[in-house]
Each structure stands twice: as C-alpha cells, then as structure tokens.
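The structure comes first, then the terms and values.

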Amino acid sequence: VWTALKTELLPGAGNKEVIDTALEVVSALVKKFKSDQHNSDIILNKIFTSVIGTLLNRDSKLYKPTVELVRTCAKATDISCVYVTNKVLPITLTDLTGNEDISDDEKVEILEDLRRILVIVDGRNMLSSYNSDNFILHIQKELMKVLMTPSSSVELLKVTWAVLTSMAGVLSDENCQIVFKKLRDDLKTATKEQSECLLALATVHPGEVHNLVLTDYLNKTFTDVDEAKTIFTIMARLLDVPQLRDLIIEVLCLNVFNNKSKPIQLAVLQVFRDVLSQKKAPEITKILHAEWSIIVKLMDLIKNEDPDVTQDIMYEASLMMHLLVQTLPEDQQMKLIESYLPLMKLNESIPDLYITSGLVGFLDASVPIESHFEQLVNDLTKLSLNSENEAVRKLANQLMCSLFNRAPIDDKHRKVLRKIFELIKEELKKSNHKAVTLLGWISKGLLAR
C-alpha cells in the first residue's frame, strides 16, 4: 500500500485531488494502529526510510510534498506525533547549525517547518513531554541568537517569535528570562507575533509576566496615544489569563475614569469595545458590573463631557453601554430603564441623548418601554428635524429606527406613528430634507422587524 501511495505522492502527477486522497489514506493507515506501538513503528519506519534523504535535502523538488507527508503522519496519532517529532528535531538543529553561511531566508523556512510540527504536538497536549529535551534546548539557543542579533531580518524575527509561542510551555528558565526582558523592552512597539508570544507565556507563567514584563506599565500615567493604544491592546489580550484579569481590568478602568487625557480615555474605550464584542466577554462583564458599577460610571463620564468640544468619548461610552446592558438579566435591564430613562431630557442635553442610546440600543426585546415610548419618539423627532449637529441627528435617527423596530403592532403605537408621519409631511412642505432622512430611518426599523 505504501509503495502505491508513494508513487502518487512522490513525485506524483500533480493532481491535487489525488494527492489529498493519498494523504488521507496514509493518515488512515497510521491511525489503524493508533494503540499498537510495534506495528506503528514498522509503518512509520517504512515511510521515513523512503523519504529521509529528501528531508535532509531542502533544495530537492520533492522537499515540500515530503514535509506535507510528514505533517500528515504527525497529525494521525499520539504515537506517530512523537515518532515524527523525534525525527524532525535533530534535522532542524542540523539545518540551523550545519552551515555557517546560512541566510536569514533559509532560517525562516526551517523554523516555519518546525513551528507547524510544534503546533501539532501542542494540539495533542504532548508538548510537556519535551521539557528539557536536548534538541529543543539547542534549538532554543539558536532562537535566542536571532533575538540578540540586531541585524536579524523582520521575517526571521516574526517566525522566531512564532516558534517561541509554540514552545512557550517548554522554554528553559534561562531562555524565559531572555524572552521576558526582550518583550519588556519592546512592549511599546510590540508586533503581533510578540504579543501572541506574551499571551502564550502568560498562560504558563502569569506571575513572571506580571513582574518582569508588565510592572512598568501598570501604574504609568500615559500621555502618548500611540504608545497607550499598543500597551492597552496587549493588556486586553492578556484578559484571557484568569490570574491577570482583575489587575488588567483595573488598569483599563482607571485610565478611562481617572486619566485626564481625552485621547487616552478614548483609546481605552475603543479597546474595551473590542473586548466586549468577543466571546471572552462574559467573565469580563461580570467583573465590570460587580466591582466597578460600570454602567453608572459610564453615565457619569458622559454627563461630564462637553459636547461643544467633542462627542467622541460620549459616543464610545454609549457603545460600551450597549454591549454591557445586553449582558444583564431582564430584571436588571428593566431596573436601569425605570431608574434613569425618565430623567433624560433629550432636547436639552446632548449627553442625555448618548446615555439614552446606551440604555436602549441593545435592550432585550422582553423589557417593556411602552410607558416611555411616546415621549422618547417626540423628543427624538424634534432633534432629528431641528438639530444642526449632524452627529446628534444621526444618533436620534438610529434610536428612532431601534424604537420602531421593537414597538408592538397595536393601535397605541400606530397612533404615535401616524402623528410622526403628519409632522414629517409638514416638514417636507417646508423643504426640510432632514424629514426625508428621518422617514428613511423609521421605515428601515419597520421593514427590519
């Protein structure tokens, strides 16, 4: 069977469908003996005896299809994963160290092949078995050389960080210290690959990441917006690490509510919005509600903004309120509405408009707002038709769309709608183009029911 498969794979006729099917058969063949070490070794020995020469010759035209075959074997079973890894590690080390004139581009190819194998090993939860492995330690030494060499190319650094990410669980203590120092020094300008490595290391060594990488930034008063965005974005990624979650939420919240720099506040609100839009949000929202009374604090933040200076912070804070309100149980959403919605004076206070948007925007459909519906619609209609502030008109129109989208179909709400239509007709006679826009938003809300 292997002889037939090898003919199709190496060199093969270049038919992708045939090659993919042949690889599936190889995988099935190896899986057949997933609990049989003896026969697995026989099959894998037969395969590797056939391809080892190609694996040792990266210039061979058959090198890439051979590597694909090797990865297929590694993915099949735990036994085959260990077998392949034990073959690949010494080859990788030889490729990295056997030629003093090796170029950065060649190193990139070697390390990328290794990274893909390590991802398979980690995916099978078998990486820990390579802790203190001699070949792994020597490869780590080569990776440290790349980090310490100022002339290392951008692509080589990218793949080096990616490999370090994939072997975060088996980095030696000495090499961890080198990586932590490098991450701390580079954190203000950290690349995507570096931040992914930091997350991987924080999962394994949360205390060390806190003490050796983040400490300088936890109590820092940020003034540079670009630096702040980078640091806050990296911190947000570390919210996946339970041991660091409370601390990072505290840092982010303090920079929203206590930092006097408007651009910094805005940057953190945007980071929070990205975080709350992701699947990991439930654990974070629990902390924000329980320990920070976050919705009340956001309303206070909006109230204290001067709309004549900028409305950016009010807008971001209202979006964050949207995402937080929808995470509350129905009874708590209703309590918020009854406590704060009657206090809103939309035609007198632009901040009140943003707070109302934050409260009502993603409100659960089961939470009744009928007692406030007509007053809200009347106030929003006036803002939409009369305000000279484009941002205010847009927000008012969006809220109108949302209100009519969720409004029950009954005589009371039809009456309110007819009243608005009559007002729109009168404004159209006055050539008020704002009335057309308002009509469009109301229609959108009704059509999207």
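## Basis and fold

Helices (H or I, at least four residues) and strands (E, at least two) are DSSP runs, numbered from the N terminus. This is a predicted model: local features need pLDDT of at least 70 and side-chain atom pairs count only at pLDDT 80 or more, while totals for chains, interfaces and linings use all residues. Residues are numbered from 1 along each chain as its sequence is written, and side-chain values use heavy atoms, with hydrogens and water left out.

The chain holds 23 helices and zero strands. Its radius of gyration is 30 Å, well over the 22 Å that the globule rule gives for 449 residues, so the chain is more spread out than a compact globule. That radius is taken over C-alpha atoms, and the globule rule is 2.2 Å times the number of residues to the power 0.38. Along the principal axes, the C-alpha atoms fill a box of roughly 85 × 50 × 40 Å.

Buried residues (under 20% relative accessible area; exposed is over 50%, partly exposed in between; 1.4 Å probe, protein chains only) make up 47% of the 449 residues. Contact means heavy atoms within 4.5 Å. Among contacts between residues at least 6 apart in sequence, 70% join residues at least 24 apart.

## Helix α6

Helix α6 spans residues 104–123, 20 residues in total. From first C-alpha to last it reaches 28 Å, close to the 28 Å expected at 1.5 Å a residue. The expected span is 1.5 Å times one less than the number of residues.

Buried positions in α6 include Val108, Leu111, Asp113, Leu114, Ile117 and Val121. The cover over the buried residues of α6 includes α4 (63–76), α5 (78–97), α7 (134–148) and α8 (154–166).

## Cavity and pocket

Both voids are found on a 1 Å grid over the protein atoms alone. A cavity is a set of points where a 1.4 Å probe fits but cannot get out; a pocket is an open set with protein on both sides within 12 Å along at least five of seven lines. Lining residues have an atom within 4 Å of a point. Grid points are joined across faces, edges and corners, and a volume is the space filled by probe spheres set on the points.

The whole structure has one cavity of 30 Å³ or more. The largest cavity contains about 150 Å³ of space. Its lining has 14 residues, with Leu55, Tyr63, Val67, Val88 and Asp113 nearest the centre. Helices α4, α5 and α6 each give two or more residues to that lining. By class, the cavity lining is nine nonpolar (Ala, Val, Leu, Ile, Met, Phe, Trp, Tyr, Cys, Pro), four charged (Asp, Glu, Lys, Arg) and one polar (the others, Gly among them).

The largest pocket holds about 350 Å³. Of its 17 lining residues, His322, Gly361, Phe362, Gln398 and Ser402 lie nearest the centre. Helices α17 (312–325), α19 (350–360) and α21 (390–406) each supply at least two. The top contributor is α21, with seven. The pocket lining divides into nine nonpolar, seven polar and one charged.

The peptide bond from Leu10 to Pro11 is cis, with omega near 10°. Pro11 sits in the loop between α1 (2–9) and α2 (16–31).

Asn125 has a positive phi, near 55°. It lies in the loop between α6 and α7, and is exposed at 69% relative accessible area. Ser431 has a positive phi near 60°. Ser431 belongs to the loop between α22 (411–429) and α23 (433–447), and is exposed at 66% relative accessibility.
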